[in-house]
Amino acid sequence: MAYWLYKSEPFKWSWEMQKAKGAAGEEWTGVRNYQARNNMRAMKIGDKGFFYHSNEGLDVVGIVEVCALSHPDSTAEGDDRWDCVDIRAVCDVPKPVSLKEIKANPKLEKMSLVTSMRLSVQPVTEEEYLEVCRMGELDNPPLSP
């Protein structure tokens, strides 16, 4: 898998905060779910993903990329079970794509965002990635290597 979706509650970590980190990016910390952790362990440098505002907004607002491979999560306080990757903002999605729009699109009925709503770091197929980018009016979306 070379595409992902990262959920964040905007009052804790917003798209604007992510963009402010610039090229250095930021650790995607605090994930305490084994499946989400394993997803991060599978990531490669340059993998692209959606930045999704959860709880408030409920929409895909930006594109990010992995800029550091899986490493110990600095917020895990010595608990070596938890890893994270670093991601950096690539671009805005010109027209944020809502969860409601995603659920209404038959091409996205099997997307993890629809079927595994609670998972904070999810895989996205290339077809799903391109469809959400199209819905968000993102011409020439950045692709994973």
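Tutor: Let us start with charge: Lys and Arg count as positive and Asp and Glu as negative, while His and the chain ends are not counted. The place of a charge is taken as NZ of Lys, CZ of Arg, CG of Asp or CD of Glu. On these terms the protein has 18 positive and 23 negative charges, and their mean positions are 4 Å apart.

Student: What kind of model is this, and which pLDDT values do local features and side-chain atom pairs need?

Tutor: This is a predicted model, in which local features need pLDDT of at least 70 and side-chain atom pairs count only at pLDDT 80 or more, whereas totals for chains, interfaces and linings use all residues. Residues are numbered from 1 along each chain as its sequence is written, and side-chain values use heavy atoms, with hydrogens and water left out.

Student: How many helices and strands are there in the protein?

Tutor: Helices (H or I, at least four residues) and strands (E, at least two) are DSSP runs, numbered from the N terminus. By that definition the protein has five helices and six strands. Their order along the sequence is β-α-β-α-β-β-β-α-α-β-α.

Student: Why is the protein called as compact as a globular protein of that length?

Tutor: The radius of gyration is taken over C-alpha atoms, and the globule rule is 2.2 Å times the number of residues to the power 0.38. For 145 residues the rule gives 15 Å, and the protein has 14 Å, close to that value; therefore it is as compact as a globular protein of that length. Along the principal axes, the C-alpha atoms fill a box of roughly 45 × 30 × 30 Å.

Student: Why is Val 97 called buried?

Tutor: Buried means under 20% relative accessible area, exposed over 50%, and partly exposed in between (1.4 Å probe, protein chains only). Val 97 has 0% relative accessibility, so it counts as buried. This residue lies in strand β5. Of the 145 residues of the protein, 49% count as buried.

Student: Which residues does Val 97 touch, not counting residues up to four places away in sequence?

Tutor: Contact means heavy atoms within 4.5 Å. Beyond four places in sequence, Val 97 touches Leu 58, Asp 59, Val 60, Ile 102, Val 132, Met 135 and Gly 136. Across the protein, 69% of contacts between residues at least 6 apart in sequence join residues at least 24 apart.

Student: Which residues of helix α5 are buried, and what covers them?

Tutor: In helix α5 (residues 126-135), the buried residues are Glu 128, Tyr 129, Glu 131, Val 132, Cys 133 and Met 135. Their cover includes β1 (3-8), β3 (48-53), β4 (59-72), β5 (83-98), α3 (99-104) and β6 (121-124).

Student: What makes Leu 130 partly exposed?

Tutor: Leu 130 is also found in helix α5. Its relative accessibility is 37%, so the residue counts as partly exposed. Leaving out residues up to four places away, Leu 130 touches Pro 141 and Leu 143.

Student: How do you know whether Pro 72 is buried or exposed?

Tutor: Pro 72, in strand β4, has a relative accessible area of 62%, so it is exposed.

Student: What is the phi of Glu 77?

Tutor: Most residues other than glycine have a negative phi. Glu 77 has a positive phi of about 50° although it is not a glycine. Glu 77 lies in the loop between β4 and β5 and is exposed, with a relative accessible area of 77%. Glu 137, in the segment after α5, also has a positive phi, of about 60°.
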